[in-house]
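The model is a predicted one.

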Amino acid sequence: MNHGHRPNALPLKTMLQNRYLVGMAQKVNGEGISYIGYDSVLNIKTLIREFFPQTMGERLPDGKTVRIIDGSEVTFGEYRVTFLNDARELAHMRQLSAVEQIYDIFEENGTAYTVAEWEDCITLRYFVERRGGSIDWNAARPLFMPVLSALSTLHSKGINHLGISPDTLVILQDGRMKLTDFELDVVRRMDTDLPPDLVAGCAALEQYVMNYVPDESTDVYGFAACLFFALTGALPQDALRRKTDSRLMIPTRTQNTQPPYVITGLANALQVMPSKRTPHFERLRAELSAAPTVTAKIEQPLPPGFPIEQEPA
């Protein structure tokens, strides 16, 4: 994932807040740069995220300070405030063990930073590959359901993710799954002034549509796409292509070996049009749990107009 130190990244061994030592840059996108770091007070590895949209800012010769490009001052300032506010909201959710844990937020070098606990992990994508290309529902359920519960709580507090993918879901050493990489909403859409960070197959149709405000059903789609990936070994076709052909390509072996209510729950959660999609995570939880109150409804055939294409086993 990392191929040497990234251009415009903070110099190695930069010290932030006289406490955090900056290591190698791990990821760069429209919002900023993520680094592996070291907390010299707690003596632990950390994940440091720096707000640094490079379309709006540049480094000064000292290699650290961010100078806002002329004309971008207002937008940069608004996004920086949002970055800080989003981080504070997430930091209040420390009881949710299935999401990234932010424990420090500060401003320095003309920009803003968050510090999260670093946990050694592998991506869901790599985990599924290592397990032979797919897993069954019995293996997926204990991974996905705690994340579903956490997402339901986050949305009850107005917190979106909008970037759920097999790369932002990670498997920890103790076998639990955690959701990482919370970013500005504007980076998870196509119609904004920051470069988008979208994963084809996981991003919902509305993330490609101008002036559409993503909501809980947007994250339902991304979550369901990842569960679909875990069970089948492939992501759904990207949402723009599915707008004209909404079929889900589910291998016959998957349909024959997974509980029918799980297939139906996925079909509902992966509806292309937001108005037809499972609206919230509590409904998805009920469908994936085959709760008695909805069992009768979800044992009916798949929703009208939602053809599922069977692939050969």
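The lining of the largest cavity is made up of six nonpolar, five polar and three charged residues. This cavity has a volume of about 70 Å³. Of its 14 lining residues, L162, G163, I164, C202 and A203 are the closest to its centre. The count of cavities of 30 Å³ or more is two.

The second largest cavity holds about 50 Å³ of space. Around it are K27, V28, N29, E31, G32, I33, S34, R49, D181 and E183. Strands β2 (20-28) and β3 (32-39) are the elements that give two or more residues to this lining, and β3 has the largest share, with three residues. By class, the lining has two nonpolar, three polar and five charged residues.

Among the open spaces, the second largest pocket has a volume of about 260 Å³. It is lined by 18 residues, of which D86, A87, N160, F182 and E183 are the closest to its centre. Helix α1 (residues 73-91) gives the largest share of this lining, five residues. Seven nonpolar, four polar and seven charged residues make up the lining of this pocket.

The helix pair is α4 (residues 216-232) and α7 (residues 260-269), whose axes come within 9 Å and cross at roughly 140°. α4 and α7 are therefore oblique to each other, and their crossing is left-handed. On the α4 side the contact is made by V220, Y221, A224, L227, F228 and L231, and on the α7 side by V262, L266 and A269. The residues of this contact comprise nine nonpolar, no polar and no charged.

How values were computed
Residues numbered from 1 in each chain as written. Predicted model: local features only at pLDDT ≥ 70, side-chain atom pairs only at ≥ 80, totals over all residues. Heavy atoms only, no water. Axes fitted to C-alpha atoms, helices over the stretch in contact; angles between N-to-C directions. Helix = DSSP H or I, 4+ residues; strand = E, 2+ residues; numbered from the N terminus. Parallel < 35°, antiparallel > 145°, perpendicular 65-115°, else oblique. Left-handed = near helix turned anticlockwise from the far one by under 90°. Contact = heavy atoms within 4.5 Å. Nonpolar A, V, L, I, M, F, W, Y, C, P; charged D, E, K, R; others polar. 1 Å grid on protein atoms, 1.4 Å probe; cavity = no way out; pocket = protein on both sides within 12 Å on 5 of 7 lines; lining within 4 Å. Points joined across faces, edges and corners; volume = space filled by probe spheres on them.
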